[in-house]
Amino acid sequence: MLASYAGASILTLEGYSKLLEDTGFSIIEREDLGKELARDYHQYLDILRSQLKNKVIEKFGPEFYAATEKDLEFWVSILDNGKASRGRFIGKKLCNYSGG
């Protein structure tokens, strides 16, 4: 699971804010949507287990189902523990920004 994310650049909300500011944006609003994302992933896992298990196993096999369930459990765990989140940013591009 983690190998597929090894090359990803994952930043905090503060890190993304700095990246936007460093590229000429003024941050108007920043919102942490981590609790909503955790709720969504709990629902995805519940749906997989209660409604889709037999269909997924029938179409893709038990190994695929087990891997999918494990991936969702991983995301639920890190979201519940505040190790991942989702953010919404509203910004304004500064017209006189020249980079750097």
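This is a predicted model: local features need pLDDT of at least 70, side-chain atom pairs count only at pLDDT 80 or more; totals for chains, interfaces and linings use all residues.

Reader: Which residues make up the largest nonpolar core?

Author: In soluble globular proteins, nonpolar side chains tend to be buried together. Here the largest nonpolar core has six residues, namely Leu45, Leu48, Val56, Tyr65, Leu72 and Val76. Helices α2 (34–60) and α3 (62–80) each supply at least two residues of this core. A second, separate core has five residues, including Ala38, Ile78, Leu79 and Ala84.

Reader: What does Tyr65 touch, apart from residues up to four places away in sequence?

Author: Tyr65 touches Leu48, Arg49, Lys53, Val56 and Ile57.

Reader: How many salt bridges does the structure hold?

Author: Side chains of opposite charge can pair when their charged atoms come close. The structure holds seven salt bridges. In one of them, Glu31 pairs with Arg88, with the closest N and O atoms 2.8 Å apart. Glu31 belongs to strand β1 (residues 25–32) and Arg88 to strand β2 (residues 87–93), so this pair ties together parts that are 57 residues apart in sequence.

Reader: Which side chain meets Glu73 in a salt bridge?

Author: Glu73 meets Arg49, at 2.4 Å from N to O. Because Glu73 lies in helix α3 and Arg49 in helix α2, the pair ties together parts 24 residues apart in sequence.

Reader: Is Asp40 buried or exposed?

Author: Asp40 counts as buried because its relative accessibility is 16%, under the 20% cut-off. Asp40 forms a salt bridge with Arg86, and Arg39, Asp40 and Arg86 are linked in a network of salt bridges.

Technical notes
Residues are numbered from 1 along each chain as its sequence is written. Side-chain values use heavy atoms; hydrogens and water are left out. A nonpolar core is a set of buried Ala, Val, Leu, Ile, Met, Phe, Trp, Tyr and Cys residues joined through side-chain atoms within 4.5 Å. Buried means under 20% relative accessible area, exposed over 50%, partly exposed in between (1.4 Å probe, protein chains only). Helices (H or I, at least four residues) and strands (E, at least two) are DSSP runs, numbered from the N terminus. Contact means heavy atoms within 4.5 Å. A salt bridge is a side-chain nitrogen of Lys or Arg within 4 Å of a carboxyl oxygen of Asp or Glu.
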